[in-house]
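Subject: Handing over the structure, with notes on what was found

Dear colleague,

I am passing on the structure we spoke about, and I would be glad if you opened it and kept it beside you while you read. My notes come after it.

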Amino acid sequence: MSAVTSRPTSQCDAAWRSMLAPDRQEPVLRVARDVAARVTDPARISAALAASIEQTRFPKTLARRPYAVADGDAGLAVTCAYLDACLPGEGWDAVGHQFLTAAVAGAGAAPVGLLGGLSGLAFATVSLSRDGARYRRMLAELDDALAPRAAAIGTRLNRTPEPGPVSAFDLISGASGIGSYLLTHDPHKILPEILGGLVTLARDHEPPGWMTPSHLLGDETMSLLHPHGALDCGLAHGIPGPLALLSLALRAGIEVPGQVDAIRRITDWLVAFRVRDDWGVDWPAIVPLTDDGRPGRPASSRSAWCYGTPGVARALWLAGQSLDDGILGELALEAMDAVLRRPAHLRAIPSPTFCHGVSGLLHVVLRFANDTGMFRHAVADLVDELLAAYQPERPLAYASLEPQGNSVDRSGVLDGAAGIVLVLLAAATDVEPTWDRLFLLS
């Protein structure tokens with residue numbers, strides 16, 4: 001019988017608590033400390049980067065941008081901020097300052113997005129600011145540079161644009177990610193412009209405004225597979241990102257005209273395009289379009305944060321909370337129950353890392369567990385899976401696994417060892433992981 005049938009009352013406003021038994025927390029912290037020391041060691045970072053060039057089959061993904069949260073010094077500054085909160089008095093704040101300084105120095109040509117640009121760098125600055133007590137001048141300069149560019153993105157979406165690339169609205173580099181930072185810190189009051197653009201994106205239209213034409217799908221292979229375009233269902237690049245931001249903003253009391261209707265329209269669409277496998281509810285990575293512009297038949301995806309049910313379920317849960325809609329909440333929990341009953345080897349997330357690996361799934365489960373009291377057994381199982389992947393003989397003790405199975409030494413938050421540190425700390429401590437606003441999980 002599904003655990004969803006006896007769902008406890010939501011505890012969304014409860015304090016964060018470790019879901020691990022006390023005797024399990026210390027071994028997890030021991031690994032987290034070791035990996036943290038490695039990913040913040042400049043010599044190891046350089047050695048891992050040099051090694052990764054020989055290890056990877058995707059060399060274009062290895063460019064290390066200091067200003068980026070995903071793979072650069074800004075992400076390591078965020079990691080140090082959480083380390084300092086979880087392990088006070090161990091000097092992580094000073095280490096974080098060094099990484100933030102390096103990130104800002106390299107930000108001259110930074111784009112505006114969250115995981116690879118100014119929004120994420122500003123988020124890192126807020127994270128280390130001790131509730132605004134420090135870095136005021138730096139943060140003001142970043143916000144002044146960010147505000148007009150963020151407003152322009154919202155304005156473009158508000159003009160009822162023709163379908164474009166997902167990067168216009170997604171979490172990684174588009175409006176949803178920028179809005180995620182602005183929901184955290186918005187001195188110039190730009191967030192309503194972003195929300196208004198996302199409301200326009202979700203207007204009642206066929207095909208939906210977030211469809212991506214074939215020639216803008218990102219690479220030739222995807223264009224050939226989907227010659228009539230597609231609709232992206234991933235939290236990282238698809239419509240769940242706008243849904244999560246619109247829902248979090250509404251719950252925070254920030255509302256623009258049409259926002260509730262937009263949330264409803266997106267949730268209705270996601271509910272309509274769920275699929276099922278032997279374990280239950282699932283979501284595809286994309287919904288292809290046919291030659292007449294109608295949705296084609298979707299297929300199941302991996303069970304990751306970036307694509308698949310965990311990310312979609314979290315977005316639906318946030319929507320349910322913002323609308324006080326228990327049915328959406330029940331569907332999200334039913335979907336997560338299906339993910340966790342699915343055998344681990346069929347989840348298609350062999351990497352221990354965050355984006356499309358075990359850490360991302362674990363962190364989504366941690367959020368659900370803290371909200372509801374459910375899935376505690378799954379937390380322990382996924383932590384065991386992460387500890388089993390620990391390889392102290394490697395430079396960073398964890399390696400990212402690419403689709404072909406080759407191991408790559410990466411230090412960053414999104415696809416590297418730093419992201420694993422963040423999740424291990426969240427699992428083993430009672431310190432709220434506010435850093436996960438970067439991934440639109442809270």
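This is a predicted model: local features need pLDDT of at least 70, side-chain atom pairs count only at pLDDT 80 or more; totals for chains, interfaces and linings use all residues.

**Helix packing**

Two packed helices are described by the angle between their axes and the distance between the axes. I begin with helix H3, which covers residues 73-86, and with helix H16, which covers residues 417-428. The axes of H3 and H16 cross at roughly 25 degrees and come within 10 Å, and since angles under 35 degrees count as roughly parallel, these two helices are therefore roughly parallel to each other. The crossing of H3 past H16 is left-handed. On the side of H3 the contact is made by Leu76, Val78, Thr79, Tyr82, Leu83 and Cys86, and on the side of H16 by Ala418, Val421, Leu422, Leu425 and Ala426. When these residues are sorted by class, ten are nonpolar, one is polar and none is charged.

H16 also packs with helix H14 (residues 358-372), at an angle of about 30 degrees and with the axes 10 Å apart. H14 and H16 are therefore roughly parallel to each other, and H14 passes H16 in a crossing that is left-handed. Here Ser359, Leu362, His363 and Leu366 of H14 meet Ile420, Val423, Ala426 and Ala427 of H16, a contact that divides into six nonpolar residues, two polar ones and no charged ones.

The crossing of H11 past H12 is left-handed. From H11 the residues Val260, Ile263, Arg264, Thr267 and Leu270 take part, and they meet Val312, Leu316, Ala319, Ser322 and Leu323 from H12. By class, this contact holds seven nonpolar residues, two polar ones and one charged one.

**Aromatic rings**

How many aromatic pairs does a search of the whole structure find? The search finds eleven, and I describe two of them here. A pair of aromatic rings is described by the distance of the centres and the angle of the planes. Trp269 and Phe273 form a tilted pair, with 4.8 Å from centre to centre and 40 degrees between the planes, and both of these residues are buried. Trp317 and Phe368 form an edge-to-face pair, with 5.7 Å from centre to centre and 70 degrees between the planes. Trp317 lies in H12 and Phe368 in H14, so this pair ties together parts that are 51 residues apart in sequence. Both Trp317 and Phe368 are buried.

**Single residues**

Most residues other than glycine have a negative phi, and most peptide bonds are trans. Asp131 has a positive phi near 55 degrees although it is not a glycine, and Tyr135, which is not a glycine either, has a positive phi of about 60 degrees. Asp131 is placed in the loop between helix H5 (118-127) and helix H6 (136-158), and Tyr135 is found in the loop between H5 and H6 as well. Are these two residues buried or exposed? Asp131 is exposed, with a relative accessible area of 83%, whereas Tyr135 counts as buried at 15% relative accessibility.

The peptide bond from Glu206 to Pro207 is cis, with omega near -10 degrees, and Pro207 lies in the loop between helix H8 (191-201) and helix H9 (220-225). Ser214 is found in the loop between H8 and H9 too, where it counts as buried at 14% relative accessibility. Apart from its neighbours within four places in sequence, Ser214 is in contact with Ser223, His226, Pro227, His228 and Gly229.

Lastly, Asp73 in H3 is buried, with a relative accessible area of 9%. Apart from its neighbours within four places in sequence, Asp73 is in contact with Arg64, Arg65, Pro66, Ala68, Phe99, Ala102 and Ala103.

Definitions and conventions:
Residues are numbered from 1 along each chain as its sequence is written. Side-chain values use heavy atoms; hydrogens and water are left out. A crossing is left-handed if the near helix is turned anticlockwise from the far one by less than a right angle, and right-handed if clockwise. Helices (H or I, at least four residues) and strands (E, at least two) are DSSP runs, numbered from the N terminus. Contact means heavy atoms within 4.5 Å. Ala, Val, Leu, Ile, Met, Phe, Trp, Tyr, Cys and Pro count as nonpolar, Asp, Glu, Lys and Arg as charged, and the others, Gly among them, as polar. Rings of Phe, Tyr and Trp (its six-membered ring) pair if their centres lie within 6.5 Å; planes under 30 degrees apart count as stacked, over 60 as edge-to-face and the rest as tilted. Buried means under 20% relative accessible area, exposed over 50%, partly exposed in between (1.4 Å probe, protein chains only). Axes are lines fitted to C-alpha atoms, for helices over the stretch in contact, and angles run from 0 to 180 degrees between N-to-C directions. Angles under 35 degrees count as roughly parallel, over 145 as roughly antiparallel, 65 to 115 as roughly perpendicular and the rest as oblique.
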